[in-house]
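I opened this entry to keep track of what I looked up in one chain. The notes follow the order in which I checked things.

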Amino acid sequence: MRRLTAIVVLVVPGAGSLGRPCVSCRRRAIVEETLVSDGAVRDVVERLTRGSALWGIELDPRYRVLGATIQPSAVGWSALEAAVGAQADTDDRVQVLVFPVSVILGSLREDDGGALRIRTFEAEQLVDVSARLGGAAVAAPVLGRPEPQPGEWAPQWSLEGRSNAPDGRRRTITWSVQEGPLALDVFARFDDLEVRDSAGALLLSA
C-alpha cells in the first residue's frame, strides 16, 4: 500500500474547470492520507468506471500522463464513498490518471453503411477525437486487459506511440466507447494510477 503525490493534473478542454480549484465542487469528507491496497483500488476503479460516461481523454507526452474524464454512475460513486468517503457534489466528474505511459494504442473506427473506415489521428488530437464520443458509456473492464494485437481492433492503428524508457510497463488500461457509427479504443501501459475529483483533490492512488 502506498500514497503517491500528483505529477500533473490534466485539463480536458470542454470538460469544465478540471484541475483548477473550485470550492463549490469539492468533495466532502475526503481524507487524502487514506491508504488503500492496490487490489482494493483496482476493484474500486472497476466499479467506478462501469457504466460511467466518458467525456474526454488526453495524453500529456511531456510527463507521459494519460488522463480520462468520466462521470460515474450512482453505483460508481457509492463504491468510491465506501472506499474513501468521497461524495458526489455539484460537479460529479472525476479524472483517472495513469503514468508513466510507455505504450499507447488508439483505434477510431466508423461504420459507413457497412464499410469500415479507419480514422487516423495524432496524440495531440486525442482530446478532440474522444470529445466526438462525449458521454458514451465506458465498456468494462478497463484495467488488466492484454495489449491488443495488430489487426484485433482494425487492420491498422489510428494512433501508436511507444517509449524506450524501462518504466511504465507494469499495468494496462483500456478505454472503449461507442456512439452511433463511431467506436474508439485507447490502450496504454503504465505503472501508477490516481483518481482525482474535479477540483484536483486526490481520492485514490496505486
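**Helix 2 and the rest of the chain**

I note here that the model is a predicted one.

Next I looked up which residues of helix 2 are buried. Helix 2 runs over residues 74-84, and I found Gly-76, Trp-77, Ala-79, Leu-80 and Val-84 buried in it. They cover an arc of only 155° around the axis, so they sit on the same side of helix 2. For this I took buried as under 20% relative accessible area and exposed as over 50%.

What covers the buried residues of helix 2? I listed helix 1 (38-49), strand 3 and strand 11 (202-205) as included in the cover. I then stepped past the end of the helix. Gly-85 follows helix 2, and its phi is positive, near 80°.

I placed Arg-64 in the loop that links strand 1 (53-60) to strand 2 (65-71).

Then I turned to the peptide bonds. Which residue is joined to Pro-100 by a cis peptide bond? The partner is Phe-99, and omega is about -20°. Pro-100 belongs to the loop between strand 3 (94-99) and strand 4 (103-112).

I wrote down a cis bond at Pro-141 as well. Ala-140 is joined to Pro-141 by a cis peptide bond with omega about -5°. I located Pro-141 in the loop between strand 6 (136-137) and strand 7 (159-162).

The chain has 3 helices and 11 strands. Read along the sequence, I get the pattern α-β-β-α-β-β-β-α-β-β-β-β-β-β.

How much of the chain counts as buried? I have 51% of its 206 residues in that class. I put the accessible surface of the chain at about 9,300 Å², with 49% of it belonging to carbon and sulfur atoms.

Last, I looked at contacts in the chain between residues at least 6 apart in sequence. Of these, 75% join residues at least 24 apart.

Notes:
Residues numbered from 1 in each chain as written. Predicted model: local features only at pLDDT ≥ 70, side-chain atom pairs only at ≥ 80, totals over all residues. Heavy atoms only, no water. Helix = DSSP H or I, 4+ residues; strand = E, 2+ residues; numbered from the N terminus. Buried < 20%, exposed > 50% of the residue type's maximum accessible area, 1.4 Å probe, protein only. Arc of directions from axis to C-beta. Contact = heavy atoms within 4.5 Å. Areas by Shrake-Rupley, 256 points an atom, 1.4 Å probe, with all protein chains shown as cover.
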